[in-house]
Amino acid sequence: MAVAVERLITSDILKPARYLGNERLAVHKPWDTTAIRWVLTYPEVYEVGASNLGHIILYNILNAQPRQLCDRAYLPGKDLAAKLRETNTPLFAVESKRSLTEFDILGFSLSYELGATNILEMLDLAGIPLTWRERQKAEEKSTSPQFQFPLIFAGGQTATSNPEPYADFFDFFALGDGEELLPEIGLVLEEGKQAGLSRENLLLDLAQIPGVYVPQFYDMAEDGSVHPRRSDVPKRILRRVATPIPAYSIGLVPYVETVHDRLTIEIRRGCTRGCRFCQPGMLTRPARDVEPDQVVEAIEQGMRATGYNEFSLLSLSCSDYLSLPAVGMEIKNRLKNENISLTLPSQRVDRFDENIANILGGTRQGGLTFAPEAGTQRMRDIVNKGLTNEELLRGVKTAWEQGWDKIKLYFMIGLPGETDVDVLGIAETVSWLQRECRGKGRKPLNFNLTISNFTPKPHTPFQWHSVSTTEFKRKQNLLRQEFRRIKGVKVNFTDVRISAMEDFVGRGDRSLGKVVRRAWELGAGMDSWYENLDQAFSAWGSAIAQAGLDWKYRQVENGEWNLFHAQEQKRSADAENTEFPTLVQTRLIASLLTPHSLDIPLPWDHIDTGIEKKWLQEDLQRALEAAIVPDCSFEGCSHCGVCGTDFGHNIVIESPAIPKFAGEFVPNPTKAQRLRVWFGKQGNMALISHLDLIRLFDRVVRRASLPIAFTGGFHPMPRISVATALALGATSSGEIVDFELTVPVEVDTFREQLAREMPTDIPIYNVEQIDLKASAATQLLESAEYLITVATLAETTPIQWQNWIDIIKAKEELWYEQITKSGKSQLINLRDRLFELELVETYNSKAESISSVIRYLGSYRQDGLLLRPEQILFMLESVASVEFQLLHIHRNRLILGV
């Protein structure tokens, strides 16, 4: 049964449109005709989750399956979460508005080590026991033959790399790519549901699917390693690999602005560069290029279907997609008249050239991000970055010559083998790049630097290494002092406390489950957001101490592993006395440098990513020697163990010819026609903001292929002018917007095309052609007519309401104190601004209050002479000496002057 959320999703909460579930391209499948009902959740606020590409792809794929339905849920804001708890209302899926407990399966994306606390928050809000054991016990007490709670699973990078710290909370994990895995899970669920299988037997069937890990069928040994507790489940669980399908990336166009407010298309999955600190590069092998024709088709169709004015091509290393310049130029040429921009994530600086520069941006040149990672050539060789100083300079200088005055650079400190010379090398490198990029008539090149702390990740060669927080702080201070002498550089450092927590949890075992739970109970959540760091650190620290694991956390803080330091100790011992090293040195070297130490079982050894542990050990040794391993997508095989029948092979597609550049978008200043549109704002659309409405009109015009005119200048904007804003939560049947077109369009044709692309709750009432030289509707506003619903708890009669209305109409003065924008107090006569006032109806509301609908016509001029609905309440209270409440605002019409 749908949750009655209309009384919770109101204008008094932040961005209520987050929870409406009525986005364009949202899929609403009938509940009763589906066999398996999914909820995919992203445990972050809507703006983050709704724009996540993996979330969109899996949502589209699951809804494409017969007899299966997929809804969505997100972490609610604190205001809605408080409302849910106060009213004892369970967390709901945004489209069906049904409680999460009504679904068969609930999937979470776990892509951050400390993100599990958000998942526990969502489970608690949904009324679902947090652990699989608690859910199992609750169902054992139930007499119902059906499951009382949905199956709870997690996927994503963190879930794939090391699921053990979170094993208590999930029935199973989906490891690796989900495009093929999730539909297979759905089929097994459907068969199990039809057969009436118990939860345990159903999970046992799921455990037979490659890529499904069911923790309750495995035990943790004393050393933290994990082993099957029964013979009918696999000893090691395979990571799944799928081929990207760009068409599934088209979907979900939110009304609110999201963090990635654009169409995103994946062009290449996997990376074989082999950076030794990089977990995504190790967990996504082999590299798989998408056919250029598929990419171009998906982008063109996606831009038409969504109405976005920007798209992004996504890959761990976009520059390694050889077809990037050709694909980018082809799309730029096809959409050149539509003011479209292309953005790319952080890319390889050594592959950045004029061809890539030419396809980036548009009339709105976006930012540019490179990741040198280290400040010296020695350190870049140790981490296998495969980047020389010459290549770094060439890429940065190309960007500068192509018009970029500001570039973002990512660096990392605390890498294995790093010395103070390497740390200071970051500042020296930035200063050197600035000196090399100077010219007459050009601004100096500015840099925005992000300097993060190296955090060792499972399944990487550096998983056996860490650095103390004291060292991190010392190195950060070294750089702060050095950068004080360099102008034009903004430096951001990662908080060392959270880095240590990420390390502690990310490389932990099952014993950390109690820590994760206690951290959530103590208030940890949204831990990756800056304003929550202090609270998060305090909660995690207390949870670790209460679990009796603070000794283990201190090891992480103090640098539990430091192989390079041990190697230096060995060299020092050899130099001083080859035959008689000290006992301390002997033990240190024996514990950290022997092959046996690297063979100690790890909590994630049972996860088969395809990369052999022996190869990671060998690559660590190559790091000790600063030896480079070439990229196997373009050079010889590195013998990591991935390529084969289980994971496939690298797919590298040669680039087609780069099309001839057809020219940049040139704004068409021609104003051939102006159309004035009267429209309404009804139902749920009353909860989208004015800025969201303006963005909606831009996208609607693009989807409808209407010849909109643009402004001139560096940032051309569509000539769409909404007469005035409407208060959030208010409905209307009389809004006005003007459109200027470059080519005349029949009024009826324009209305039909516009209405076809508009949401149903924004009806189009009338379209008129007006003179091109006529004033804008904003300048012509004179008055506005409203219907307001007003309530009072006092006992009243319709006659009393009418008397109050008559008293107000009879008065010549009703003074009101108004605070100006400058903070000064000003007295205004509200009666001068009131033209008409009428009692429409009076009725008893459900809350035992007396409500009335009042119509008024008042001044509505853009020079500030406005009569607002809340000022009508002030008038009523002035004459009635009774407190009133404004329940609803509806704007009937806007009246324009001649």
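Colleague: In which kind of crossing does α15 pass α16?
Modeller: The crossing of α15 past α16 is right-handed. A crossing counts as right-handed if the near helix is turned clockwise from the far one by less than a right angle, and as left-handed if anticlockwise. Helices (H or I, at least four residues) and strands (E, at least two) are DSSP runs, numbered from the N terminus. This is a predicted model, in which local features need pLDDT of at least 70 and side-chain atom pairs count only at pLDDT 80 or more, while totals for chains, interfaces and linings use all residues. Residues are numbered from 1 along each chain as its sequence is written, and side-chain values use heavy atoms, with hydrogens and water left out.

Colleague: At what angle do α15 and α16 pack, and how far apart are their axes?
Modeller: The angle is about 30°, and the axes are 10 Å apart. Axes are lines fitted to C-alpha atoms, for helices over the stretch in contact, and angles run from 0 to 180 degrees between N-to-C directions. The two helices, α15 and α16, are therefore roughly parallel to each other. That term covers angles under 35 degrees; over 145 is roughly antiparallel, 65 to 115 roughly perpendicular, and the rest oblique.

Colleague: Which residues make the contact?
Modeller: From α15, they are D420, V423, L424, I426, A427 and V430. From α16, they are R474, K475, L478, L479, E482 and F483. Contact means heavy atoms within 4.5 Å.

Colleague: What does α17 pack against?
Modeller: Its buried residues pack against β17, α16, α19 and α20. Of the 11 residues of α17 (496–506), 10 are buried, so this helix is largely enclosed by the rest of the structure. Buried means under 20% relative accessible area, exposed over 50%, and partly exposed in between (1.4 Å probe, protein chains only). The buried ones include E502, D503 and F504.

Colleague: Which residue caps the N-terminal end of α17?
Modeller: D495 does so, with a side-chain oxygen 2.8 Å from the backbone nitrogen of R497.

Colleague: On to the nonpolar core: how many residues are in the largest one?
Modeller: There are 136, and F172, I185, L206, W540, F739 and F750 touch the most other members. Helix α4 (116–126) gives the most to this core, with seven residues. Apart from it lies another core, of 60 residues, among them L342, F411, C437 and V496. A nonpolar core is a set of buried Ala, Val, Leu, Ile, Met, Phe, Trp, Tyr and Cys residues joined through side-chain atoms within 4.5 Å.

Colleague: What does F739 touch?
Modeller: Not counting residues up to four places away in sequence, F739 touches several residues, including L675, V677, F697, I720 and F750.

Colleague: Where is the cis peptide bond that has omega of about 0°?
Modeller: The bond joins R285 and P286. P286 is placed in the loop between α9 and β12.

Colleague: Lastly, what does the side chain of T34 reach?
Modeller: The side chain of T34 reaches the backbone oxygen of W31 at 2.9 Å. T34 is placed in the segment before β1 and is buried, with a relative accessible area of 8%.

Key:
Polar contact = N/O pair within 3.5 Å; in protein donor to acceptor, adjacent residues only side chain to side chain.
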